[in-house]
Amino acid sequence: MDSEMTEEDSEEVEIDLSDSSESPELEKEEETQTLWKAQPSVEEEENIHTSTLVEISDTKPLIKTRDPRGINDCLKVTFEDVIAEPVSVRSGDRVWIWSNALFEVSRVWLYRILSVVLAIPMSVLSGVLFAIFSCFHVWMVGPCVEYVLIGTRWLQSLWNVVLGVFVLPFSRTAKRCCGGFSIHLAEE
């Protein structure tokens, strides 16, 4: 079905907008020119099946991937994820279509309005907090951890000796005793 839609989208339709008073010689010259259309790129093919709200959007994304690590995958919500009518109880088709359209428009525009109002203050606040935490970690936590590690080198060495003398022989013995066992799973 996708390939059919792609072929339909890539077909070129010629619309004659010329004045009817033009001479027939010009029309013959235009007919001899071959009209061609380049194959759509991968990006264009991906954008073919976008919703009409995205197509009529007045903003184009400056950054294509705004969530590259998928932190907010849980927010990919559609109308059908929120509102669903069972077969036994259904509203009219026009009600369903308008409800869907109003849901999408209100979701998109309210998010845009709230992000304009809250994005800049929250980004400044987040930047300040991360700067404070980074400075605190670099100048306080990191040196304190190093002081503790330097002061307890003898304790680390003693712990390594205790593990090597008491725990390691028992672990090797248990490994050799249990190493002869093998488990084979078979489907019946």
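Visitor: In this predicted model, are helix 6 and helix 7 parallel, perpendicular or oblique to each other?

Guide: In this predicted model, the axes of helix 6 (residues 93-151) and helix 7 (residues 153-178) come within 4 Å and cross at roughly 55°. Angles under 35 degrees count as roughly parallel and those of 65 to 115 as roughly perpendicular, with over 145 taken as roughly antiparallel and the rest as oblique. Helix 6 and helix 7 are therefore oblique.

Visitor: Which residues make the contact between helix 6 and helix 7, and how many of them are nonpolar, polar and charged?

Guide: On the side of helix 6 the contact is made by Leu 149, Ile 150 and Gly 151, while helix 7 brings Arg 153, Trp 154 and Gln 156. Since Gly counts among the polar residues, the contact of helix 6 with helix 7 divides by class into 3 nonpolar, 2 polar and 1 charged.

Visitor: Where does UniProt place the feature "transmembrane region", and how far apart are the end C-alpha atoms of residues 109-142 and of residues 154-171?

Guide: The unreviewed UniProt entry places this feature at residues 109-142 and 154-171. Residues 154-171 are 100% helix and 0% strand, with end C-alpha atoms 24 Å apart. Residues 109-142 are likewise 100% helix and 0% strand, and the end C-alpha atoms of that span lie apart by 45 Å.

Visitor: What percentage of the residues of the protein count as buried?

Guide: The secondary structure comes to 7 helices and 0 strands, and the protein exposes about 18,000 Å², of which carbon and sulfur atoms supply 64%. With buried meaning under 20% relative accessible area, the share of the 188 residues that count as buried is 2%.

Terms used: Residues numbered from 1 in each chain as written. Predicted model: local features only at pLDDT ≥ 70, side-chain atom pairs only at ≥ 80, totals over all residues. Heavy atoms only, no water. Helix = DSSP H or I, 4+ residues; strand = E, 2+ residues; numbered from the N terminus. Buried < 20%, exposed > 50% of the residue type's maximum accessible area, 1.4 Å probe, protein only. Areas by Shrake-Rupley, 256 points an atom, 1.4 Å probe, with all protein chains shown as cover. UniProt positions renumbered as here; feature names shortened; annotations may be inferred. Axes fitted to C-alpha atoms, helices over the stretch in contact; angles between N-to-C directions. Contact = heavy atoms within 4.5 Å.
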